[in-house]
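Please find below a short note on this model.

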Amino acid sequence: MQLNQVVSMFGADLQRRYGEKIHKITLHGGFSCPNRDGTLGRGGCTFCNVSSFSDETQSTQSISEQIRHQKAKITRASRYLAYFQAYTSTYAEVCLLQQLYEEALKQANIIGLCVGTRPDCVPQDVLSLLSGYREHGYEIWLELGLQSAHDKTLHRINRGHGFAEYQKTVTKARQLGLKVCTHLICGLPGESTLMNLQTLEKVLECGTDGIKLHPLHIVEGSIMAKSWRAGRLAPMTLTDYTQVAGELIRYTPTDVVYHRICASARRPTLLAPEWCENRWLGMNSLYQYLLTHGGQGSAL
């Protein structure tokens, strides 16, 4: 499968720019989230159980320990990006963030940071901190979990912010030269293909540099799991996801890099859809769709 023939993928972009494969090391910084600790709420987003995407045992290890542990398992790359993934990785005092980020950057062969967070949790001093690393030559990506540009949907899934917060943060980040990767979910309750395309249009208008797509996962411990068990929530089929995600890619300019076009989760945390247990199913289905209908940017 030559996915890079039909999608501008982040891995290929890194290899082109650095002349070698760059591996992303996923880190747990011990962060919380304002939607879980009572600042905004305690239930979290209705889809959320972050243990489906991140190993919770990492949170007991230091950043340097996590990096050493993961490096030992990697055989196909010798340079790395440190990815602060779990929960809201800018949700702390800037002095603590600086300590954690710089602990990662000081490890051998780390070329930069990817920092996952919420659009409403990135104050100016955090943006300035990240911008300073960029000015020193590091690869820096601010990954913003937007999920949808529709405020009605964001309210329904209990995000605790609207699209306006995303717009403000992207504007400020890009003014400082920071690269932004926007996370979007396909299959959110009440959303149609047209609404997904409208979200993409709004995100592109803001000027994102990268996009992560994935289907809605129903995971154990989430509010949505209760609706799924009661038969009130039907997860996306592979066919439906392929069509929606495929069209989003086709309407995306080729200079926007896709960090991910599908995603998987492990059982027993994953409840549905079953096909999300194997990430290659979604990626291969999208590859075949784009070969048939045209690759990234072909619908523009």
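1. The model is predicted. The points that follow should be read as computed from that predicted model.

2. Two packed helices are described by the angle between their axes and the distance between the axes. For helix H3 (residues 94-105) and helix H4 (residues 124-135), the axes come within 10 Å and cross at roughly 20°. Angles under 35 degrees count as roughly parallel, so H3 is roughly parallel to H4. The crossing of the pair is right-handed.

3. On the H3 side, the contact is made by Val94, Leu97, Gln98, Tyr101, Glu102 and Leu105. H4 contributes Asp125, Val126, Leu129, Leu130 and Tyr133. By class, the residues of this contact are eight nonpolar, one polar and two charged.

4. The second largest pocket has a volume of about 160 Å³. Its lining consists of 14 residues, and those closest to the pocket centre are Gly187, Glu191, Met236, Asp240 and Val244.

5. Which helices each supply at least two residues of the lining of the second largest pocket? They are helix H7 (193-206) and helix H9 (238-250). H9 gives the most to this lining, with four residues.

6. The lining of the second largest pocket divides into five nonpolar, seven polar and two charged residues. For the contact of H3 with H4, the corresponding division is eight nonpolar, one polar and two charged.

Terms used: Residues numbered from 1 in each chain as written. Predicted model: local features only at pLDDT ≥ 70, side-chain atom pairs only at ≥ 80, totals over all residues. Heavy atoms only, no water. Axes fitted to C-alpha atoms, helices over the stretch in contact; angles between N-to-C directions. Parallel < 35°, antiparallel > 145°, perpendicular 65-115°, else oblique. Left-handed = near helix turned anticlockwise from the far one by under 90°. Contact = heavy atoms within 4.5 Å. Nonpolar A, V, L, I, M, F, W, Y, C, P; charged D, E, K, R; others polar. 1 Å grid on protein atoms, 1.4 Å probe; cavity = no way out; pocket = protein on both sides within 12 Å on 5 of 7 lines; lining within 4 Å. Points joined across faces, edges and corners; volume = space filled by probe spheres on them.
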